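Here is a friendly note to read alongside the model. Please keep the structure open as you go through the points.

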Amino acid sequence: MQKPPVRRFEQGGTIQVGPYDCKLVTLYSDDVKAEEVCLADASVEADLREAMEAVHSLSRFAESMMKVAGNMPFGKMFETPYHDLSAMEGFPIRTRSYNDQGEITRESILKSIARKELDPGLFEIPRGYKVKSLEQELKKGR
């Protein structure tokens with residue numbers, strides 16, 4: 001069995017991405033730069049605090065998915081990420097992923113955040129929808 005990579009964080013300086021001041025955190029896997037996250041202080045802006053809670057909720061959901069699917073044939077796609085956003089202080093404004101050659105392979109940037117009312121119909125459960133257990137559905141496929 002292959003040994004898991006050694007992962008570590010390095011705190012960097014402060015830069016500006018769009019209208020947000022943020023601090024850089026670089027994540028390494030076996031001393032290879034894997035990801036760079038620029039975090040804004042979520043306490044500065046109420047909308048960022050609310051968005052950060054949504055990120056934490058998604059992180060908790062992903063963790064529960066990993067527990068259920070970890071031993072399934074496609075479980076590798078649910079491996080623990082390089083970082084745990086809930087452990088980092090701040091809201092991710094810019095995230096860059098790197099390949100082994102140090103080239104950016106993916107970048108996401110928050111350009112703006114705005115509060116607006118959504119149509120409640122967006123959250124209605126469709127007719128005929130049935131709740132099923134993911135764990136039970138995955139066991140059927142074995």
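**Notes on the salt bridges**

1. Glu10 counts as partly exposed, at 37% relative accessibility; buried means under 20% relative accessible area, exposed over 50%, and partly exposed in between (1.4 Å probe, protein chains only). Its partner in a salt bridge is Arg8, with the closest N and O atoms 2.8 Å apart. A salt bridge here is a side-chain nitrogen of Lys or Arg within 4 Å of a carboxyl oxygen of Asp or Glu. Arg8 is also partly exposed, at 32%.

2. Before going on, please note that this is a predicted model, where local features need pLDDT of at least 70, side-chain atom pairs count only at pLDDT 80 or more, and totals for chains, interfaces and linings use all residues. Residues are numbered from 1 along each chain as its sequence is written, and side-chain values use heavy atoms, leaving out hydrogens and water.

3. How confident is the predictor? The mean pLDDT (confidence in each residue, from 0 to 100) of the chain is 79, and 79% of its residues reach 70 or more.

4. Now look at Glu35, which forms a salt bridge with Arg106, the closest N and O atoms being 4.0 Å apart. Glu35 lies in strand S3 and Arg106 in strand S5, so the pair ties together parts 71 residues apart in sequence. (Strands are DSSP runs of E, at least two residues, numbered from the N terminus.) Glu35 is buried at 6%, whereas Arg106 is exposed at 52%.

5. Finally, Arg96 and Glu107 meet in a salt bridge at 2.5 Å, N to O.

Notes. pLDDT = per-residue confidence, 0-100. Helix = DSSP H or I, 4+ residues; strand = E, 2+ residues; numbered from the N terminus.
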